[in-house]
Amino acid sequence: MRITITTVTGDVFVLDVSADIELENLKALAAFEVGIPAAEMIVIHEMRPLTEDKRPISQLGLKDGDMVLVQKSPPRAQRTPQGSLPENDPAVLRQMLLSDPEQLALVRQKNPQLAEALERSPEEFDKYVREFNRERAEREMARIRMLTADPFNPEAQALIAEEIRQKNIDSNMEAAMEHHPEAFGTVVMLYINCKVNGHPVKAFVDSGAQRTIMSSACAERCGIMRLVDPRWAGIAKGVGTQKILGRIHLVQIEIEKDFLTTSFSVLEAQPMDMLLGLDLLRRFECVLDLKQNELIIGTTGTRTQFLPESELPAHARLDAVMDEESAMKAALENSKMDTSAGPSTSQGSSSGSVLSSLRYGTETQVKEIMALGFKREDAVRELEGAKGDKNVAIGALFAKSFTVPK
């Protein structure tokens with residue numbers, strides 16, 4: 001009789017065996033093909049695992065032309081399948097996550113629903129864990145049912161193809177983590193120390209911004225609010241709430257020992273004190289030397305160091321970004337946890353989808369920025385560049401979309 005063997009990775013092959021062959025011997029033959037030791041193999045037929053190794057397969061219900069699914073059995077100590085949350089003691093898991101700031105930050109970034117339940121109460125966390133594992137178990141059973149019923153139907157073939165694709169993606173990511181681990185790190189934004197009217201200011205350097213801007217709060221602090229020309233007031237193109245109070249036509253910025261003259265557009269509600277845009281960077285032929293981590297004033301040769309994270313403004317630090325609301329519905333473990341029937345990123349998912357591929361920022365933040373009149377792709381791009389800091393992203397979008405009134 002011919003028995004078709006399939007695996008969870010999509011491999012399919014056929015064995016010609018006797019109807020009297022015992023199950024343990026069928027496992028031994030299959031072990032050579034699938035690479036799973038016979039002693040650790042589970043054979044599933046019509047959604048039912050076959051457990052009596054000493055019985056002939058014909059007595060276990062196998063017939064000529066049937067198909068079985070083989071997979072490796074989990075160790076006895078393993079309580080949950082791969083990709084599940086440990087359900088035997090959610091309180092222990094909760095305490096472990098709460099006591100590890102690094103893991104807690106990762107949970108907030110990758111799975112905000114889990115983080116919310118984690119921080120709300122033990123009961124909420126326990127409920128989330130059990131519901132998560134129940135939904136995952138249902139998906140796994142539906143998957144096995146489809147594969148064992150007819151592995152050659154279009155839906156089963158599509159499922160197998162998707163599993164192979166995901167396996168390739170995981171392998172690609174593992175290679176990247178091994179050979180280019182820096183790609184998974186976080187990068188702080190570029191800030192420098194400077195002075196305006198003798199007052200120290202931490203300025204955000206953004207070569208993608210069209211114009212240099214300053215917040216009204218910073219202008220007040222620096223004592224130059226009296227110089228704002230209200231004739232240049234208005235609203236940035238496409239923005240409904242970012243009000244331009246006006247323009248200061250000539251201000252000196254002190255960087256190291258250089259005094260650079262420029263103009264500022266003053267915003268009413270700008271989270272950053274000051275943003276150095278392309279107008280200033282071009283005028284003074286500035287160079288962003290990322291190898292030496294410094295800004296070079298091309299017209300004078302003066303160099304100033306970019307600030308380390310510890311010296312950044314509070315809203316620009318990575319821990320502040322991590323503490324913001326996240327809407328990436330993803331796995332607790334980067335490549336191992338499956339939290340949805342199919343991931344969709346923020347560039348194509350609704351806020352109700354289970355997975356979001358926004359690397360930084362949240363779907364809620366994207367919608368809030370879009371509500372100001374910006375396009376979705378621009379909002380996503382700037383959130384990525386700002387490492388999830390909505391205020392920085394809005395400031396950069398404003399600077400890029402600024403138009404001078406005629």
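**View 1. Strands β14 and β15 run antiparallel and are joined by 4 bridges.** The structure shown here and in the following views is a predicted model. Strand β14 covers residues 294-297, and its Ile297 has Thr302 of β15 as bridge partner. Both strands belong to an open sheet of 3 strands, ordered β13-β14-β15, in which the pairing is antiparallel. The edges of this sheet are formed by β13 (287-289) and β15 (302-305), each of which pairs on one side only. On average, and with direction ignored, neighbouring strands of the sheet are turned by 25 degrees against each other.

**View 2. Strand β11 is largely enclosed by the rest of the structure, because 8 of its 10 residues are buried.** The strand spans residues 258-267. Strand β8 (residues 213-215) runs parallel to β11 and is joined to it by 3 bridges; within this pairing, Met214 has Val266 of β11 as its bridge partner. Strand β10 (residues 243-255) runs antiparallel to β11, with 9 bridges between the two. Here Gly246 stands opposite Val266 in β11.

**View 3. Strands β10 and β11 form a hairpin with 2 residues between them.** In the turn, Glu256 has a positive phi of about 55 degrees.

View 4. A search of the whole structure finds 0 disulfides. For Cys194, the closest cysteine sulfur is that of Cys218, at 8.1 Å, which is too far for a bond. Cys218 is likewise in no disulfide, and the nearest cysteine sulfur to its own, that of Cys222, is 4.0 Å away. A disulfide would require the two sulfur atoms to lie within 2.5 Å.

**View 5. The second largest pocket has a volume of about 280 Å³.** Its lining consists of 19 residues, and those nearest the pocket centre are Met189, Phe204, Asp206, Gly385 and Ala386. Three elements, namely strand β7 (199-205) and helices α11 (376-385) and α12 (390-401), each supply at least two residues of the lining. By residue class, the lining of this pocket comprises 11 nonpolar, 3 polar and 5 charged residues.

Definitions and conventions. Residues numbered from 1 in each chain as written. Predicted model: local features only at pLDDT ≥ 70, side-chain atom pairs only at ≥ 80, totals over all residues. Heavy atoms only, no water. 1 Å grid on protein atoms, 1.4 Å probe; cavity = no way out; pocket = protein on both sides within 12 Å on 5 of 7 lines; lining within 4 Å. Points joined across faces, edges and corners; volume = space filled by probe spheres on them. Nonpolar A, V, L, I, M, F, W, Y, C, P; charged D, E, K, R; others polar. Pairing = 2+ DSSP bridges. Axes fitted to C-alpha atoms, helices over the stretch in contact; angles between N-to-C directions. Buried < 20%, exposed > 50% of the residue type's maximum accessible area, 1.4 Å probe, protein only.
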